[in-house]
Amino acid sequence: MHITSAGIPNNLLQTNTTQIVPIFSGGGTRLSAHIGILKALQDMNVGFDTLVGVSGGSIIASLYAKGYTVEQMRELALVTDFKQFTEFSLVRLLREGGLSSGDVFQRWIDEQLEGALFADLPLDLHILATDVNGGGPVLFNKQTSPDMKVSEAVRYSMSIPLIFSFKPFKEHLLVDGAILSEDALFEDWRGDGTPSVCFRLQSTEQKRKAIKKNLLQLPQYVSMLIRTFMTAISREYVNAKYWHNTVVVNTGEISAVDFSLTPEIKNTLFEIGYSTTKEFLPKKCAGFMRRGAL
């Protein structure tokens with residue numbers, strides 16, 4: 001992380017003409033697409049001091065809020081082997097609702113964030129998880145949880161069903177924030193009417209060869225089930241009420257739960273996030289101006 005002599009992260013030093021509150025939603029292992037989105041925002045002089053992270057998007061949102069530059073995050077994504085987070089166990093799946101405990105991931109993101117608490121961040125970061133006990137959103141930020149480690153909230157928001165074990169928090173049972181309805185995302189996060197823009201990663205169903213029934217094993221079945229579930233979530237339609245505030249980033253057949261992504265695919269995801277934002281965000285911002293939101 002690069003810090004100026006005034007104590008301000010370099011990623012915040014830019015002259016901005018447009019202000020939004022970006023919502024980085026979903027993604028899983030496709031986090032490089034969110035990094036491409038951030039690069040496009042910088043190149044377009046779109047500024048923000050408040051941001052929202054949901055599921056995989058909470059990883060990039062938290063790193064940026066800590067002060068990482070786009071270049072640092074891109075390098076981190078390229079060199080990180082996501083397979084280290086997959087200490088899969090079918091026994092754990094039965095006992096704890098997930099193949100992986102998520103502990104390795106939480107230690108990793110905490111190390112990257114240097115153990116930061118919400119109160120330590122120079123930006124106003126909001127992270128959302130889903131309470132399956134009550135079915136609603138649980139929000140973590142400087143106001144609700146100033147002394148909580150940001151890595152803990154990211155772990156809650158990243159609890160991809162069946163992949164990571166569910167996590168209890170107070171009276172809540174927390175899983176992936178991407179399961180939340182759109183109503184939970186589009187708040188007046190800054191408190192002054194600054195428009196929110198949700199950057200939502202979407203994938204298409206992978207075409208696979210037919211599998212003979214007698215060759216299908218339980219691990220294969222679970223893997224297929226997870227992929228299908230995550231694809232279904234990402235393909236859920238965007239409510240017309242929020243369409244003007246949503247940029248859909250289509251990552252094709254690249255799955256949110258592919259832990260074996262090559263550097264080439266990660267670079268492709270970066271470019272998809274970048275080019276989609278550059279193409280569609282100006283149209284959304286023009287709509288804001290017509291409605292007097294900017």
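## Salt bridges, cysteines and cavities

The structure holds seven salt bridges. The model is a predicted one.

| Salt bridge | Distance, N to O |
|---|---|
| Asp49 and Arg190 | 2.8 Å |
| Arg74 and Glu271 | 3.9 Å |
| Lys149 and Asp110 | 3.1 Å |

The side chains of Asp49 and Arg190 form a salt bridge at 2.8 Å. This pair connects distant parts of the chain, 141 residues apart: Asp49 sits in the loop between strand 3 (46–47) and strand 4 (50–54), and Arg190 in the loop between strand 10 (172–175) and strand 11 (196–202). Asp49 is partly exposed at a relative accessible area of 33%, and Arg190 is partly exposed, also with a value of 33%. A network of salt bridges links Asp49, Arg190 and Asp192.

A salt bridge also joins the side chains of Arg74 and Glu271, at 3.9 Å. Arg74 belongs to helix 3 and Glu271 to helix 8 (residues 263–290), so the pair ties together parts that are 197 residues apart in sequence. Arg74 is partly exposed, with 26% relative accessibility, and Glu271 is partly exposed, with a relative accessible area of 41%.

Lys149 and Asp110 meet through their side chains at 3.1 Å. Lys149 is partly exposed at 36% relative accessibility. Asp110 has 17% relative accessibility and therefore counts as buried, the cut-off being under 20%.

The count of disulfides is zero. Cys198 is buried, at 3% relative accessibility, and Cys285 is buried, with a relative accessible area of 10%.

The largest cavity has a volume of about 100 Å³. Its lining consists of 13 residues, and Gly28, Thr29, Ile59, Phe85 and Met158 are the ones nearest the centre. By class, the lining of the largest cavity has 11 nonpolar residues, two polar and no charged.

The second largest cavity holds about 40 Å³ of space. Its lining is made up of Leu31, Ile35, Ile59, Ile60, Leu63, Met73, Leu76, Ala77 and Trp108. Helix 2 (57–66) and helix 3 (70–79) are the elements that give two or more residues to this lining. The lining of the second largest cavity has nine nonpolar residues, no polar and no charged.

Terms used. Residues numbered from 1 in each chain as written. Predicted model: local features only at pLDDT ≥ 70, side-chain atom pairs only at ≥ 80, totals over all residues. Heavy atoms only, no water. 1 Å grid on protein atoms, 1.4 Å probe; cavity = no way out; pocket = protein on both sides within 12 Å on 5 of 7 lines; lining within 4 Å. Points joined across faces, edges and corners; volume = space filled by probe spheres on them. Nonpolar A, V, L, I, M, F, W, Y, C, P; charged D, E, K, R; others polar. Helix = DSSP H or I, 4+ residues; strand = E, 2+ residues; numbered from the N terminus. Disulfide = S-S within 2.5 Å. Buried < 20%, exposed > 50% of the residue type's maximum accessible area, 1.4 Å probe, protein only. Salt bridge = Lys/Arg side-chain N within 4 Å of Asp/Glu carboxyl O.
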